[in-house]
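The sequence and the structure are shown first.

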Amino acid sequence: MFNLIRRDVILQKRQLLVFIPFIVFFIIMDSHPALIFLVASIFIPFNTYAYDEKAETNILLNSLPYTRNEIVASRYLGAIVYMMLSIGVTSLALFVLNKPFAMVDIGVGSGLFLLFASFTFPLFYIFKPGYISAAVLISFLLLAGIGPQTVIFLAKHATSVTQFIGNLSIPVLYTGAAFLIMTLYALSWITTTIIYQRKAF
């Protein structure tokens, strides 16, 4: 399984040369640090999926001595590994360019990435090649555009829920959010595994 994760890095060698300028651009544009961490985390995993979609890599992977469970696991574990590496590189870039950020920004950015990945990873095995990238792009735009408005709407109209959340301490709130996101990520992993087991290549 480690070799499958390493494969993604090898395939992304040229793309990684674009990664640093890509992150620096967002920093220079004075984007919010949480958004920068989110975009940085998305870069490698979704580039890998886009490459595999064009090259129809799943046909090759299924001819190798790996189970389908291992192939899916490498995607989900790899995404976490790349997220941590991206956060490290982005933190260094922000520090070098003297842009302030906090641990909360890292937490929000990584949480949003895992949430986004939870909903989009199964799509790569549901949609036909050629439609996946468009579906993921639309999902990202919906998350970025509709997400904040949905939270604001719920905050205004679901007053009992808002009051309950407002009464929670910060550590409890962060712990609850982290637990919810990791649960969704695990459910997504299980869902993708079931879909991939039944898919014919």
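## Aromatic pairs

Two rings of Phe, Tyr or Trp (its six-membered ring) are taken as a pair if their centres lie within 6.5 Å. The structure discussed here is a predicted model. By that rule, the count comes to 8 aromatic pairs. One of them joins Phe22 and Phe43, whose ring centres are 5.2 Å apart and whose planes stand at 45 degrees, a tilted arrangement. This pair links distant parts of the chain, since Phe22 belongs to helix 2 and Phe43 to helix 3, 21 residues apart.

The two partners can be described by their accessibility. Phe22 has a relative accessibility of 27% and therefore counts as partly exposed. Phe43, at 11%, counts as buried, because the limit for a buried residue is under 20% relative accessible area.

Phe25 and Phe26 form another pair. Their ring centres are 5.8 Å apart and their planes meet at 85 degrees, so the pair is edge-to-face; planes over 60 degrees apart are assigned to that class. Phe25 is partly exposed, with a relative accessible area of 48%, whereas Phe26 is buried at 18%.

## A charge over a ring

An arginine is also placed against an aromatic ring. Arg68 lies over the face of Tyr196, at 5.3 Å from the ring centre.

## Positive phi angles in two loops

Which residue in the loop between helix 2 and helix 3 is considered here? The residue is Asp30, and the helices on either side of its loop span 13–28 and 33–55. The phi angle of Asp30 is near 60 degrees, a positive value in a residue other than glycine. Asp30 is exposed, because its relative accessible area is 59% and the exposed class begins over 50%.

Asn98 provides a further case. Asn98 is not a glycine, yet its phi is positive, at about 60 degrees. Asn98 lies in the loop between helix 5, which covers 68–96, and helix 6, which covers 103–120. Is Asn98 buried or exposed? With a relative accessible area of 68%, Asn98 is exposed.

Terms used:
Residues numbered from 1 in each chain as written. Predicted model: local features only at pLDDT ≥ 70, side-chain atom pairs only at ≥ 80, totals over all residues. Heavy atoms only, no water. Helix = DSSP H or I, 4+ residues; strand = E, 2+ residues; numbered from the N terminus. Buried < 20%, exposed > 50% of the residue type's maximum accessible area, 1.4 Å probe, protein only. Phe/Tyr/Trp six-rings, centres within 6.5 Å; stacked < 30°, edge-to-face > 60°. Lys NZ or Arg CZ within 6 Å of the ring centre and 35° of its normal.
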